[in-house]
Amino acid sequence: MSPVVTAPRAWQRMLSGRRLDLLDPSPLDIEISDIAHGLARVARWNGQTRGDHAFSVAQHCLVVEEIFRRCNEACAPDALQMTMLHDAPEYVIGDMISPFKSVVGGGYKAVEQRLEAAIHLRFGLPPHPSRELKALIKKADTIAAFFEATELAGFSVTEARKFFGQPRGITSDMLPIQPMPALTAQQLFLDRFHQIEAERKALGNAP
């Protein structure tokens, strides 16, 4: 008798009870509680940061949103929410450092893009940010990386300038850069998400 061939499992059970298909994610299986929980437990810089706690992706998202808001004072709540969620797919696929992403290639990016679209649609946002908004988020992300590198990840200022450039108008004392316990980062991420959702609902933009 031939062995039964079954497709490999491509879904993950979430603590909310949702079952998320990684290859074909549905917006109906996305919950902000799962995103916050997962991101608060994913370490930036592969965990190679100073402090008693890992510097989580949830905390990184708070830092990037703070930078984005300071650099783009007239931005709409939708833009703020897409900034908060710019690394949200990592609650499922983890934070892969840039050098390794370049080795893995397009497969990782394709999964990331599908997850981003499902997450955005779940919260009534466009599937992906516009090219202009993506560039602004990337700028805030790069500024955050400079401060994370120099404050936490052991980079010299000279080395960080080479990779990330020199931030202007933003200093580390403006940012929540000191690593937080996972539960604190999780709650602050949720709090900020819901604050922005309230602003979106006031404008009639949130589901």
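Entry 1, the core. I am working from a predicted model. I looked up the largest nonpolar core first, and it has 53 residues. Ile35, Leu85, Tyr91, Phe123 and Phe189 are the ones with the most contacts inside it. In soluble globular proteins, nonpolar side chains tend to be buried together.

I listed the contacts of Tyr91, leaving out neighbours within four places in sequence. They are Met14, Leu20, Ile30, Asp34, Ile35, Gly38, Leu39 and Ile119.

Most residues other than glycine have a negative phi. I noted Trp45, which is not a glycine and has a positive phi of about 60°. Asn46 also is not a glycine, and its phi is positive at about 55°. I place Trp45 in the loop between H1 and H2, and Asn46 is found in that loop too. Are they buried or exposed? Trp45 counts as buried because its relative accessible area is 18%, under the 20% cut-off. Asn46 is partly exposed, at 49% relative accessibility.

I found Gln81 in helix H3. Its relative accessible area is 0%, so Gln81 is buried. What does its side chain make a polar contact with? The partner is the side chain of Glu197, at 2.8 Å. Not counting residues up to four places away in sequence, Gln81 touches Leu125, Phe193, Ile196, Glu197 and Arg200.

Notes. Residues numbered from 1 in each chain as written. Predicted model: local features only at pLDDT ≥ 70, side-chain atom pairs only at ≥ 80, totals over all residues. Heavy atoms only, no water. Core = buried A, V, L, I, M, F, W, Y, C linked by side-chain atoms within 4.5 Å. Buried < 20%, exposed > 50% of the residue type's maximum accessible area, 1.4 Å probe, protein only. Contact = heavy atoms within 4.5 Å. Helix = DSSP H or I, 4+ residues; strand = E, 2+ residues; numbered from the N terminus. Polar contact = N/O pair within 3.5 Å; in protein donor to acceptor, adjacent residues only side chain to side chain.
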